[in-house]
Amino acid sequence: MCGIAGIVRADAAALVAEPQLRRMAAALRHRGPDGWGMARAAGAGLVSTRLAIFDLPGGWQPMRGERGTLLVYNGEVYNHLELRGRLVGPFATTSDTEVVHRLLEHDGLAALDRLNGQFAFAWWEPAQRRLTLVRDRFGVRPLHWAALPDGGIAFASEAKALFASGEAAAAPDLAGIDEVFTTWGARAPRTAFAGVAQLPPGGLLVWEDGEVVARRTWWAPDYETDGAAPAAEELSELLADAVRLRLRADVPVGTYLSGGLDSSLITALAQQASDHELRTFSVAFHDARYDERAFQQQVAAALGTRHHVVEIGPHEIADGFRAVVAHAETPLIRTAPVPLYLLAQATRAHGITVVATGEGADELFWGYDLFKETALRELHTREPARAEALLDELYPYLDVPAERRGPAWKRFFFEAGAPVDPLFSHQPRIAATGIVRAFYRPELAQALDGINGEDPLARLRAELPLAFARWSPLERAAYLELTTLLAPNLLSSQGDRVAMAHGVEGRFPFLDHRVFAHAAALPPERKLAPGLREKAELRALAERLLPRAVVERPKQPYRAPAVTPFFGAHAPAWVEERLEARALDEVGLFEPARVEGLLRRCRTGKASGFREGMALVGILSTQVWHECFCGTGAADRWPVERAEPRVRLEAAEGITSQ
Amino acid sequence: MGETEVGTLRAELRAYIEEAFLYLHPDVELHDADEFLELGVIDSLGFVELVEEVQTRYGIAVDALEITEENFGSLDALVAFVERRRPS
């Protein structure tokens, strides 16, 4: 796991300056704290910062291949041993990077289909002056790029390295920010920054001698299968194999254990496959409404893991918030990434740099309440009384106790869109999130109206795949969850960014593409079973491996407090400072009078609902994000990497290892 | 219910509407007969919060069929509804 970055120029004679590359490396040092490397060729410069996981003494990057091409690579291909066995040696390293590089040099992009893993890489072919950028299927690893005025291109794992290079300037992209406040994240190629794009999950981009010649996806989710339902035993074997592959590392691997079904199942399978004492890491909250420690302890005790807990009290969310925004590089609408940032910090402090987690199971096996809601709302069009009775059993998005969920709530749900709408499943969430946009200044709202064709929902509808219309309502919901929530938010702000902030790599067995194919081929009732029992297939597997209480507990959404951490005697002074009228005027996105109204409710404890929590976190994170990247002096704060590179490749020279 | 009580009720409900919803619409001057939907000051989820508030604050069990603009659509409507339905 690493950070990668680079610049290629349209002019082949133009040199990429070493200080630029050193600043890019410094901006990505947290992703690769073990050392860095650089390569400079005619009109091109590449850097890598490395978190050493495979082949600790070797495996440094940039790597030069047999045919003279250069590779910088972030991530892991877990089936590299199997792939290596089919290639002709000798190999200079035992790393997966070299296997991927060899495959690329021999088979080109056709090799991608054989890679099982989570990766983003940049491949430079000097003879053709061709740069190829590739991102993994689900978008686990990030990859950003910016077109340069001279026709060149700059790329980096995180946008901050583009800014550090001086090739791109940080400025808000209004439409990108509007997407965050519509579907919870800016969807590729959009980002929150103007002029900075990100590769879509399963996407690739080819730049050749001064222009982008190809932008396409090499993999996309598909729910149309050949019709045969997978055998019952298949999931057990597949998931065990996905976990086994993801325990591969030359360093110890741990797991994140939330206490829910998915991470508990991964932990159980990891414990079975692990040759050392498994470490588990959990977030616990002082506030009982968010806390799952009882279940975490049950699983850890039943499986015999060495368990570690990070306690989240009243101070931690606010204390970690600004750092999380800086790592996420986007406005947020929830504080949930902060505990995971602190969890990664603790994991690293215990000497663990790789963790397997349960991420992805809810999207593949229909675990979220959103799937039940969609089923109920669809049922309501045919059998309203039955649907309304069933809704009482659901936990809704609004943070209100069960006894206060009344008839108005039902009405909102059942009137939030019609099944013919492609975005039917997500309309309640979109409606709830819309509160943040109500705080826009009138001029921002007008500017967004004037950005032709950039309405977030219109863009989403326009970019749905052709097959979408043929999928069932729940398959559509799953596709929208993968593309609007998982990649832009959960795997990013709440995943890669907060873990890599501390040089910790998350691994996601459920996001093995074979597991996805299996889940997609399952009949609906083996995912959302009759009686709205979620993740039926997983539950059946878990019954053999986990305590009954954990298997039978209903899904609890992972959440963290939104308003209380930022107000009261313990609140840090920067919160009110960032939200005062002068600071809001500087950023120019939110209306001070409206924000002041929200603050009055927050200070007096009246803003207790989910929506106002989203509004506060959205506004506050935007203010923090702007100060961090676009504020006065932000562009001058990027340091230069002073350490000597472990690899330095110069055109027409050999590798110099130090 | 006496006139004073109705006046208190009206003041309470107005204070709640202003505090919970009107801060997002600083330019709107709400009159008692103004319709919330027409003015755009309360959206569909806002109505959920409004109905919940009425239930909790006044101990009224609101029936689904009662969630209408006639009962919740304006300050006048709200006052009349609460006056009629709250336990005496």
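How far apart do the C-alpha centres of domain 1 and domain 2 of chain A lie? They lie 27 Å apart. Domain bounds here come from an automatic or database domain assignment.

A word on the basis. This is a predicted model, where local features need pLDDT of at least 70, side-chain atom pairs count only at pLDDT 80 or more, and totals for chains, interfaces and linings use all residues. Residues are numbered from 1 along each chain as its sequence is written, and chains are lettered from A and ligands numbered from 1 in the order in which they are written.

Back to the domains. Domain 1 of chain A spans 2-220, and domain 2 takes 234-364 + 493-552. Their contact uses 26 residues from domain 1 and 21 residues from domain 2 of chain A. Contact means C-beta atoms, placed from the backbone, within 7 Å. On the domain 1 side, α4 (159-165) and α5 (174-183) of chain A each supply at least two residues. α5(A) gives the most, with three residues. Helices are DSSP runs of H or I, at least four residues; strands are runs of E, at least two; both are numbered from the N terminus. By class, that side has 16 nonpolar, four polar and six charged residues. Nonpolar covers Ala, Val, Leu, Ile, Met, Phe, Trp, Tyr, Cys and Pro; charged covers Asp, Glu, Lys and Arg; the others, Gly among them, are polar.

Now the sheet. Five strands of chain A form an open sheet, in the order β15-β14-β13-β16-β17, with parallel pairing. Pairing needs at least two DSSP bridges between two strands. β15 and β17 (505-507) of chain A are at the edges with a single partner strand each, so one side of each has no neighbour in the sheet.

Look at β14 (residues 279-285) of chain A. Six of its seven residues are buried, that is, with 20 or more other C-beta atoms within 10 Å of their own, all placed from the backbone. Three bridges join β14(A) to β13 (residues 253-256) of chain A. Seven bridges join β14(A) to β15 (residues 306-312) of chain A. Phe281(A) is the bridge partner of Tyr256(A). In β15(A), Phe281(A) has His308(A) as its bridge partner. From β14(A), the chain crosses through helix α8 (residues 293-303) to β15(A), a right-handed β-α-β crossover. Right-handed means that, with the strands pointing away from the viewer, the path from the first strand over the helix to the second runs clockwise.

Terms used. Buried ≥ 20, exposed ≤ 12 C-beta atoms within 10 Å, placed from the backbone. Contact = placed C-beta atoms within 7 Å.
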